[in-house]
Amino acid sequence: SITLCDEKIYLLGREHVSTCRVYKWTERLDLLVEQNKWEDALSLGLDFYEGKAKAAEGLPSDFEGLHRVVGDHMSEIVEDFLDTMFRTAPEDPTEAAAHYRKACGVCIDYSIVIGREEMLFDEVWSKFTEAGHQSVFLELLEPFILADHLRQLAPEVLQAFVEHYQAQGALSRVEQCLTHMDIAVIDFNQVARLCREHELYSGLIYIYNAGCDDFVAPAEELL
């Protein structure tokens, strides 16, 4: 026989009793986290965020509420994942480098997908900077920028991004990234100053053309 009590289903067999129940969406994510299945948890969280997951018990029906609630929970998972990755980093330098790159890539990817760039440029950036792995963070930003998944950088991060590639003699990569940024939301004066200081003239032309619809000012500076 079958009976329902306290959100559980009890199935009475000939020799034993079985129980089952539907886990709420937070419980399903937390269970994966407890098992250290971080990427599975984030992948399932993204399904919840996009409204694709089945048996999404307890979630808001509207997308705004859905994104807010799931985004908050996924942000916590990302931060816990990052803390765990830093605690469990291997001692071997080669293995550690791959370990941190994986951790950083996952954090950047999911921060962007759930629209939590402020977390990316605050908690995640601070964590890598304090641990001396700033270069890992900065270099992994580049492919996301060039793919137009990340259209802005916080002022502090942008400054460090330019300085990092200047030290490598690769400012052309910075210039390429600048042409993929949303001029409407970045600090125009900061970017213009950086372009002038480092002679990134293609970048300077781009921000004036795209941001101000001004084709004269950059031409005058180049004369």
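Q: What relative accessible area does Arg 173 have?
A: The model is predicted, so that local features need pLDDT of at least 70 and side-chain atom pairs count only at pLDDT 80 or more, while totals for chains, interfaces and linings use all residues. Residues are numbered from 1 along each chain as its sequence is written, and side-chain values use heavy atoms, with hydrogens and water left out. Taking buried as under 20% relative accessible area, exposed as over 50% and partly exposed as in between (1.4 Å probe, protein chains only), Arg 173 counts as partly exposed at 33%.

Q: Which residue forms a salt bridge with Arg 173?
A: A salt bridge requires a side-chain nitrogen of Lys or Arg within 4 Å of a carboxyl oxygen of Asp or Glu, and in the pair that contains Arg 173 the closest N and O atoms are 2.7 Å apart, the partner being Glu 142. The two ends lie in distant parts of the chain, 31 residues apart, with Arg 173 in helix α8 (residues 171-178) and its partner in helix α6; helices (H or I, at least four residues) and strands (E, at least two) are DSSP runs numbered from the N terminus. The partner is buried, at 8% relative accessibility, and the residue asked for is Glu 142.

Q: Which residues is Glu 142 in contact with, leaving aside its neighbours within four places in sequence?
A: Glu 142 sits in helix α6 and counts as buried at 8% relative accessibility. With contact taken as heavy atoms within 4.5 Å, the residues that touch Glu 142 are Tyr 165, Arg 173 and Cys 177.

Q: What arc around the axis do the buried residues of α8 cover?
A: The buried residues of α8 are Leu 171, Val 174, Glu 175, Cys 177 and Leu 178. They lie on the same side of α8, because the arc that they cover around the axis is only 160°. The arc is that of the directions from the helix axis to the C-beta atoms, and for this set of residues its value is 160°.

Q: Which residue forms a salt bridge with Asp 72?
A: The structure holds seven salt bridges, and in the one that contains Asp 72 the closest N and O atoms are 3.0 Å apart, with Arg 116 as the partner. This pair links distant parts of the chain, 44 residues apart, with Asp 72 in helix α3 (residues 63-87) and its partner in the loop between α4 (93-113) and α5 (117-130).

Q: How many residues apart are Arg 101 and Glu 139?
A: Arg 101 and Glu 139 form a salt bridge whose closest N and O atoms are 3.9 Å apart. The pair joins distant parts of the chain, from helix α4 to helix α6 (residues 134-146), at a separation of 38 residues. Both ends count as partly exposed, Arg 101 at 39% relative accessibility and Glu 139 at 27%, and the separation asked for is 38 residues.

Q: How many residues does the largest nonpolar core have?
A: A nonpolar core is a set of buried Ala, Val, Leu, Ile, Met, Phe, Trp, Tyr and Cys residues joined through side-chain atoms within 4.5 Å. In the largest one, the residues with the most contacts inside it are Phe 128, Phe 137, Leu 141, Leu 153 and Phe 161. Leu 141 touches Ile 108, Leu 150, Leu 153, Val 157 and Phe 161, not counting residues up to four places away in sequence. The size of this core is 71 residues.

Q: What is the radius of gyration of the protein?
A: The protein has 11 helices and three strands. It is more spread out than a compact globule, because its radius of gyration of 23 Å is well over the 17 Å that the globule rule gives for 223 residues. The radius is taken over C-alpha atoms, and the rule is 2.2 Å times the number of residues to the power 0.38. The C-alpha atoms fill a box of roughly 90 × 45 × 20 Å along the principal axes, and the radius of gyration is 23 Å.

Q: Where is Asp 148 found?
A: Asp 148 has a positive phi of about 65° although it is not a glycine, and at 40% relative accessibility it counts as partly exposed. Its place is the loop between α6 and α7 (155-167).
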